[in-house]
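Let's take a walk through this fold together, one neighbourhood at a time. Have the viewer open and follow along.

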Amino acid sequence: MTSYKELGLVNTKDLFKKAISGGYAIPAYNFNNMEQMQAIIQACVETKSPVILQVSAGARKYANQNILKNMARGAVEYAHELGYDIPIVLHLDHGDSFEICKDCIETGFSSVMIDGSHLPYDENVALTKKVCEHAHAQKDYVTVEGELGVLAGVEDDVSAEHSHYTQPSEVIDFVNKTKVDSLAISIGTSHGRAKFKPEQCTRDANGILIPPPLRFDILEEIEKQIPGFPIVLHGSSSVPIEYVHIIEKFGGKLSDSVGIPEEQLRKAAKSAVCKINIDSDGRLAMTAMIRKVFMEKPDEFDPRKYLGPARDELKKLYSHKNMNVLGSAGQA
Ligand SMILES: [Zn+2]
């Protein structure tokens, strides 16, 4: 059993409190390799932003949970070495059972998500409550994120064809019964890089897909029900068209890519939304740079020569998100 405090990590409690009163959101960036972790820490140290390092079930399988835990410990030391100690959370993304949450808590995660959103309401309540009781009883309080409503799209082991918006009438009961620390809701964001079908969108003069707007009316209704309670948005990549174009220019094919416009996320971050999950944009940035190097320098075979530029681009992307989208820059 490792406590997250031994690793130099923090839970989300204070971070969310400050984020809500300050009108910004904490970035939650997924990672499963060294270059991603370095880019996240470089960007967040440089912009002085707190950060949530997120590990999905798929990442645990790919990279091994003990390696990821020690990378998080390394991240804390790396930030220190770069000259500025930022608060770092290690969070399980989309835990789907009590056992996986318990396992992560024992490994040293400071925060876990239990996603019972696919279950009937009462079963979601029971499962989330069980995880909260366990996580909150630890010597060092581990924070828990629950979910109400279902997001469409595909993300590692999580997929759903149709979304169901969160019912504002259920949130008070859910929060009171489970004692969850934060709540992921569904207001029109979606997992993956093709967040909407073309028929759900309109097109601008250049033929670029314009997605339907987020349901801010539902968000407002939820905030009225549970004022000041930390809200989380999943599936909040913006899918920058520049990266899609680079990928397609250098041999890739990503038809009908569309994300959530950054100005809508900025608006959400000013509300009780205090954690915004971004994964696909990082994947696009890395893939764009790697494809570019492969096409422009066909004789290159040193992984550092294509992972290096990918890491630099990722860092640029994360700094931009912290400064211009989430508003978390300067808050660490
Ligand atoms: Zn998610």
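Which residues does Val 131 touch, not counting residues up to four places away in sequence? Val 131 touches Phe 98, Cys 101, Val 112, Ile 114 and Val 144, where contact means heavy atoms within 4.5 Å. Before going further, please keep in mind that this is a predicted model, in which local features need pLDDT of at least 70 and side-chain atom pairs count only at pLDDT 80 or more, while totals for chains, interfaces and linings use all residues. Residues are numbered from 1 along each chain as its sequence is written, and side-chain values use heavy atoms, with hydrogens and water left out.

Back to Val 131, which sits in helix H6 (residues 121-136). Helices (H or I, at least four residues) and strands (E, at least two) are DSSP runs, numbered from the N terminus. Val 131 is buried, with a relative accessible area of 1%; buried means under 20% relative accessible area, exposed over 50%, and partly exposed in between (1.4 Å probe, protein chains only). From Val 131 to Glu 145, 14 residues apart in sequence, the C-alpha to C-alpha distance is 9.7 Å.

Stay with H6 and look across to helix H7 (residues 168-178). The axes of H6 and H7 come within 8 Å and cross at roughly 35°. Here axes are lines fitted to C-alpha atoms, for helices over the stretch in contact, and angles run from 0 to 180 degrees between N-to-C directions. H6 passes H7 in a right-handed crossing; a crossing is right-handed if the near helix is turned clockwise from the far one by less than a right angle, and left-handed if anticlockwise. On the H6 side, Tyr 121, Asn 124, Val 125, Thr 128, Lys 129 and Cys 132 meet Glu 170, Asp 173, Phe 174, Lys 177 and Thr 178 in H7. By class, this contact of H6 with H7 has four nonpolar, three polar and four charged residues. In that sorting, Ala, Val, Leu, Ile, Met, Phe, Trp, Tyr, Cys and Pro count as nonpolar, Asp, Glu, Lys and Arg as charged, and the others, Gly among them, as polar.

At 28% relative accessibility, Tyr 141 counts as partly exposed. Tyr 141 and Asn 11 are 130 residues apart in sequence, yet 7.5 Å apart in space, C-alpha to C-alpha. Leaving aside neighbours within four places in sequence, the contacts of Tyr 141 are Tyr 4, Asn 11, Lys 13, Ala 135, His 136 and Asp 181.

Now for another helix pair. H2 (34-46) and helix H12 (residues 303-326) pack at an angle of about 40°, with their axes 8 Å apart. H2 and H12 are therefore oblique to each other; angles under 35 degrees count as roughly parallel, over 145 as roughly antiparallel, 65 to 115 as roughly perpendicular and the rest as oblique. The crossing of H2 and H12 is right-handed. Among the H2 residues in this contact are Glu 35, Ala 39 and Ala 43, and the H12 residues include Leu 307, Arg 311 and Tyr 318. The residues of the contact of H2 with H12 divide into seven nonpolar, five polar and four charged.

What about the interior? A nonpolar core is a set of buried Ala, Val, Leu, Ile, Met, Phe, Trp, Tyr and Cys residues joined through side-chain atoms within 4.5 Å. The largest such core has 93 residues, and Phe 31 and Ile 88 touch the most other members.

Finally, two loops deserve a look. Lys 48 has a positive phi of about 55° although it is not a glycine, and is found in the loop between H2 and strand S2 (51-56). Lys 48 is partly exposed, with a relative accessible area of 35%. Val 239 also has a positive phi, of about 50°, and is not a glycine. Val 239 lies in the loop between strand S12 (231-233) and helix H9 (241-249), and at 6% relative accessibility Val 239 counts as buried.
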